[in-house]
Amino acid sequence: MIPAAFDYVAPTSVEDAVAALAQHGDEAKIIAGGQSLLPVLRMRLNAPEMVIDLGRIDTLRGVRDDGDAIVIGAMTPHSVVGSDPLVAQHAGLVAAAVEHLADAQVRHRGTFGGALAHADPAGDLGAPARALGAEFAIAGSGGTRTVSADDFFVDLFETAIGEDEILTEVRIPKHTGWGSHYEKFVRVAHQWPIVAVAASVRMEGGTIAEARVGLTNMGSTPLRARQVEDALAGQPATPDGVRAAAELAADGTEPPSDLNGDAGYRRHLARVLTRRAVLAAAGADGA
Amino acid sequence: MARITLKVDGSTVSDDVEPRMLLVQYLREKLGKTGTVIGCDTSNCGACTVHLDGTSVKSCNVLAVQADGREVTTIEGLADTVDDELHPVQEAFRECRGLQCGFCTPGMIMQSVDLLKDNPDPSEEEIRLGLEGNLCRCTGYHNIVKAVQQAAGQSGAAGRHRAGATTAGAPAEEVAE
């Protein structure tokens, strides 16, 4: 399968990319790593007249320390994020989610910002981004603005990025010393999760002092389960201590029904996987 | 059309290509490098895996224009043509019979080379996870895993393939480290 014909530019600066986007409007499509876009173009589910490749903009690549946060460039490949020492130290939940995202070849090519901007509710990065309170830097012709993770994901495959804007970097507040786990339920290897739960906990002795919990594929956007986070605070990291909080994981969600499972099955999975994810994040037995 | 110049299997090549041309198409149709195959055409199966600047990618999921200025290694560039010697991973796949129909083999070998570059002494689980983006519909993967173990120089791997070839569920001692 071959995509429909398109024109192609590969600007070398964000300014040039934004200008190209402004010029071509909704006839243009941004390509980051292309691991989601190219299959769509090949199946001709989309046929843009212009493809703007961000792959030659070096400033969009890399991870840096920024005081109380780390900043991940939008064009940083998953494989680089997954092996970055700053990510491992300060955003272990991101490292955990990236480790089993798709497969090795896709992780070499796919990018952190591309996956988030694609906003597939079954994608692995939205839940950790929401759980850790990430902030999204979005560049347009009027400059750069910042959007919180709570406001970034709007709907199915829809984000706060405007038609003439580009996601440039993602700022993740440091969660240094927190335990993290991404619990993913799949039928076969390298598939999108049927449901997944992202959990980070700050422990004080055997007690969960604070928790952050995000849900993958439990609605049209990645979700943050604040009711679970609140209920976990002060609980012992034991199966009994975590169970009641995990039972709240599906509250208020509207998960999809498809061939992999109906909504009720997904709600059940969310509760079970939340218990497992939190216990594993806390390093406790019984996960 | 866009002009691209890149290095493929050690040789510099330059061509005018349509922006929509996939890297795998370019390799096969323009350069005649049909050793890299198209398996699923949906970027699931990994049969088209090549190395782009030293890391494995699915060449059906990269545009030829994106490889401009970069270096590509295909299955055809792996062997030592001067001394007429197969790459150790190719040799191990042959020794261990890590194939039946052979269609997934170019991708399996390219991904195995990448895997061993990052992790020269992988466990069986690490091999299976490292190859999760490569599908084989014949072997059940057992001899492929053994080939990677043999290429990694893990002791005992060489002698196991005869039993493994006829044993669907490999006994515990065969898969133990």
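How much area is buried between domain 1 of chain B and domain 2 of chain B? In this predicted model, the area comes to about 1200 Å², and carbon and sulfur atoms give 60% of it. The report starts with chain B and then turns to chain A.

## Chain B

Chain B is divided into domain 1, residues 2-77, and domain 2, residues 88-174. Its secondary structure consists of seven helices and five strands. Read from the N terminus, the order of these elements is β-β-α-β-β-β-α-α-α-α-α-α.

Of the 177 residues in chain B, 50% are buried. The accessible surface of the chain is about 7700 Å², and 48% of that surface belongs to carbon and sulfur atoms. Among contacts in chain B with a separation of 6 or more, 53% are between residues 24 or more positions apart.

Where the two domains of chain B meet, 18 residues of domain 1 are in contact with 13 residues of domain 2. The count of salt bridges between these two domains is zero.

## Domains of chain A

Chain A is divided into domain 1 (7-53), domain 2 (61-173) and domain 3 (179-281). The C-alpha centres of domain 2 and domain 3 of chain A are 20 Å apart. The contact between them takes 24 residues from domain 2 and 23 residues from domain 3. Together, domain 2 and domain 3 of chain A bury about 1800 Å², with 59% of this area on carbon and sulfur atoms. On the domain 2 side, the residues that lose the most area to domain 3 are A:Leu93, A:Pro121 and A:Arg130, which together give 27% of what that side buries. Two salt bridges are found across this interface.

In soluble globular proteins, nonpolar side chains tend to be buried together. The largest nonpolar core here has 38 residues, and A:Val94, A:Phe112, A:Phe136 and A:Ile172 have the most contacts inside it. Helix H5 of chain A gives the largest share of this core, six residues. Where does this core lie? It lies between domain 2 (61-173) and domain 3 (179-281) of chain A, because both domains give residues to it.

The surroundings of A:Phe112 can be listed. Leaving aside neighbours within four places in sequence, A:Phe112 is in contact with residues including A:Ile72, A:Val81, A:Val94, A:Leu125, A:Val170 and A:Ile172. A:Gly73, A:Thr76 and A:His78 are also among its contacts.

A second, separate core has 30 residues, including A:Val51, B:Ile4, B:Leu22 and B:Val65.

## Salt bridges

Side chains of opposite charge can pair when their charged atoms come close. Over all chains, the structure holds 27 salt bridges.

| A:Asp66 | A:Arg171 | 2.4 Å |

The salt bridge of A:Asp66 and A:Arg171 links distant parts of the chain: A:Asp66 is in strand S4 (residues 63-66) and A:Arg171 in strand S10 (residues 166-173), 105 residues apart.

Salt bridges that share partners join A:Asp66, A:Asp68, A:Glu135 and A:Arg171 into one network.

## A:Asp103

A:Asp103 is in the loop between helix H5 (92-99) and helix H6 (104-109) of chain A. Its relative accessibility is 1%, so A:Asp103 counts as buried. Which residues does A:Asp103 touch, not counting those up to four places away in sequence? They are A:His190 in chain A, and B:Lys58, B:Glu132 and B:Gly133 in chain B.

Note on methods: Residues numbered from 1 in each chain as written. Chains lettered and ligands numbered in written order. Predicted model: local features only at pLDDT ≥ 70, side-chain atom pairs only at ≥ 80, totals over all residues. Heavy atoms only, no water. Helix = DSSP H or I, 4+ residues; strand = E, 2+ residues; numbered from the N terminus. Buried < 20%, exposed > 50% of the residue type's maximum accessible area, 1.4 Å probe, protein only. Contact = heavy atoms within 4.5 Å. Areas by Shrake-Rupley, 256 points an atom, 1.4 Å probe, with all protein chains shown as cover. Core = buried A, V, L, I, M, F, W, Y, C linked by side-chain atoms within 4.5 Å. Domains from an automatic or database assignment. Buried area = accessible area lost by both parts, 1.4 Å probe. Salt bridge = Lys/Arg side-chain N within 4 Å of Asp/Glu carboxyl O.
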